[in-house]
Amino acid sequence: MVITAPHRTLRALLASAVALTPLALGAPARAAAEEADDRGDRTVLTVAVAQSVDSLSPFLAQRLVSTSIHRLTYEYLTNYDAKDARTIPGLATAWKPSADKLTWTYTIRDDSTWSDGKKATAEDAAWTFNTMMTDEKAATANGSFTANFAKVTAPDPRTLVIRLKKPQATMTALDVPIVPKHIWEKVGDFSAFNNDKQFPIVGNGPFIITDYKVDQYVRLKPNKDFWRGAPKFDELVLRYYKDGDAAVAALRKGEVSFVSNLTPAQAASLKSAEDIKVNDAPGRRFFALATNPGARSKDGRTFGSGHPALLDPAVRKALFHAVDRKTIVEKVFQGHAVEGEGYIPPRFDRYFWKPAAGQRIDHDPARAARLLDSAGYRENSAGKRVGKDGRPLDFRILCHATDPHDKAVGKYLQEWWGDLGIGLKVDCLDNVSDPWLKGDYDLAFDGWSVNPDPDFVLSIHTCGALPATPKDTGATDNFICDKRYDELYARQAVEYDPAERADLVRQLQSRLYDTGYMNVMAYPNAVEAYRTDHIASITTMPADGGNIYGQDGYWSWWSAEPATRGAGDDSGAPTGMWIGIGAAAVVLVAVGALTAVRRRSTADDRE
């Protein structure tokens, strides 16, 4: 669906921009505004983001903001249709499997050009996949897609051939950015190269990255040679805001054009604001509790400081029985979410799963207490739960400092678990990646954005996703390694029948639920807002009540139309001129002072 917005007169726009003129600013901001004025009548679309970039390397990036940037700057073999998420051409215009499904041949389009002028060919795709197959460091982000590849060749510039070890169900959903061989073959250590020192960055998507400052901004310009057509705005800026209220204030002032991850209070306050539209759509994310199952690596070594009591299934189940999901949906999300069930959100109805009545871990504090008693964790005279070793049940939970939902739920957990005699320290950090990757946590607030094909979010719980050694970074979400889960994952990965595969995916979720290492509390809505005097129309995904930010593709920002002057205004100055002056220049000064790999820094993570 394309959302359209009414035009706004230039007179009204001038009124809202008074505070942003050079005369109203201090010296540094005045200089920035003057610099922006030199750029002329350019339209700049500024998007407030609450997540910092983990890497601009497609081989390493896993956070949603980073993978969304790569959607904008590199083509994938296939794409997802904005209307209904069906597979459509990307870099490949056609694909065909052999009779035994072990050889896939892709026809590479002849009208895709790298931004440095060189043609994008099948050799670029072959090199991308072969590098991931032969260099474990290059497989950090997306290695699950190529683990089953036997051989990848490019017999000619327009033909890519992938031979498989066994059938693979994701061959029309390989969510891997294809990079230019002539640029990336110069990289030595893929684990250390973040692709953030030399600009512009060569790509073939609808946008080109022109600049980046850590925890400040990413700037992109339209790729005028993009085969589908160039974006409408003259520049796209992703501006980092550590504080959500500051981002909303910037939206009100016209300093940014779009804000996502709104709290219920923020969304309510914006619904009556002039020239602002709130979009509240079913989300593609889950919001979960993750427990440390004992951090380990593929070489068999254990590491980290997870609480040993959480290795006991009874303790984990007791904790989850004490969680009131209904209260979380009603009080924390204030109805802008759906109560959690399985791992995959209900938006993806083919794969959605609910636990059976006898399997479901309902809110039952009394049962939680009985489980702890039976497991030997009884209350002492002070009402504190202790184990047989005398060690109290005092846990730590990793919390994302920029996510108000984490903080709010953390307070509830302290109350609910406190009633059981369990202590909880809520560690809200700007960067949860470091302790998480080291295994230095007991529990954590977790969440991933799910693709139309769920293979990736399923793969991150396999034994193969564990880091090679304690010093390495694997694709694992939470160090889970379960033989039964791996068997089911392997079966769904080779199942081409949609109904059979969907059934296996539901069995996978059932097994993950029963292990008790993760428990989904809610499926949050995508609650976001944008200025209608900046953006005239924009595409949602899916078409019927879909989201704008974090799509499975580049549709929103590629399709966005700049708002034009009102019908009764004959000044000739476009609204976009003011977007450029207000957002691109002033916000750089106001927000640029905010300084601060894979975990979600806010409510989002992997796309």
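Trainee: Which residues does Phe129 touch, leaving out those up to four places away in sequence?

Mentor: Phe129 touches Leu77, Thr146, Phe149, Val152, Leu160, Ile162, Leu174, Val176 and Ile178. Keep in mind that this is a predicted model.

Trainee: How many residues are in the largest nonpolar core, and which have the most contacts inside it?

Mentor: The largest nonpolar core has 94 residues. Tyr106, Phe129, Leu160, Ile162 and Trp557 have the most contacts inside it.

Trainee: Which helix gives the most to this core?

Mentor: Helix H4, residues 122-134. H4 contributes six residues.

Trainee: What other core lies apart from it?

Mentor: Another core of 37 residues. Phe287, Ile361, Leu413 and Leu420 are among them.

Trainee: Switching to charges. How many salt bridges does a search of the whole structure find?

Mentor: The search finds 23 salt bridges.

Trainee: Take Asp442. What is its salt-bridge partner?

Mentor: Arg396. The closest N and O atoms are 3.0 Å apart.

Trainee: Why does the pair tie together parts that are apart in sequence?

Mentor: Asp442 lies in the loop between helix H13 (433-438) and strand S20 (443-446), and Arg396 lies in strand S18 (residues 394-400), so the pair ties together parts that are 46 residues apart in sequence.

Trainee: And is Asp442 buried or exposed?

Mentor: Asp442 is buried, at 2% relative accessibility. Arg396 is partly exposed, with a relative accessible area of 24%.

Trainee: Which residues are linked in a network of salt bridges?

Mentor: Glu339, Glu341, Arg360 and Asp362. Within that group, the side chains of Asp362 and Arg360 meet at 2.6 Å, N to O. Asp362 is partly exposed at 36%. Arg360 is partly exposed too, at 22% relative accessibility.

Trainee: Back to S18. Which strand do seven bridges join to S18?

Mentor: Strand S19, residues 423-429. S18 and S19 run parallel. Leu398 has Asp427 in S19 as its bridge partner.

Trainee: What unit do S18, helix H12 and S19 make?

Mentor: A right-handed β-α-β unit. H12 covers residues 404-418.

Trainee: Next, the open sheet of seven strands. What is the order?

Mentor: The order is S9-S10-S11-S2-S12-S22-S13. The pairing is mixed.

Trainee: Which are the edge strands?

Mentor: Strand S9 (207-213) and strand S13 (276-281). Each pairs on one side only.

Trainee: Do S9 and S10 pair in the parallel or antiparallel sense?

Mentor: Antiparallel, over six bridges. S10 covers residues 217-222. Ile209 stands opposite Leu220 in S10.

Trainee: Last topic, the whole protein. How many helices and strands are there?

Mentor: The protein has 18 helices and 24 strands.

Trainee: What share of the residues count as buried?

Mentor: Of the 607 residues, 59%.

Definitions and conventions:
Residues numbered from 1 in each chain as written. Predicted model: local features only at pLDDT ≥ 70, side-chain atom pairs only at ≥ 80, totals over all residues. Heavy atoms only, no water. Core = buried A, V, L, I, M, F, W, Y, C linked by side-chain atoms within 4.5 Å. Buried < 20%, exposed > 50% of the residue type's maximum accessible area, 1.4 Å probe, protein only. Helix = DSSP H or I, 4+ residues; strand = E, 2+ residues; numbered from the N terminus. Contact = heavy atoms within 4.5 Å. Salt bridge = Lys/Arg side-chain N within 4 Å of Asp/Glu carboxyl O. Pairing = 2+ DSSP bridges. Right-handed = clockwise from strand over helix to strand, strands pointing away.
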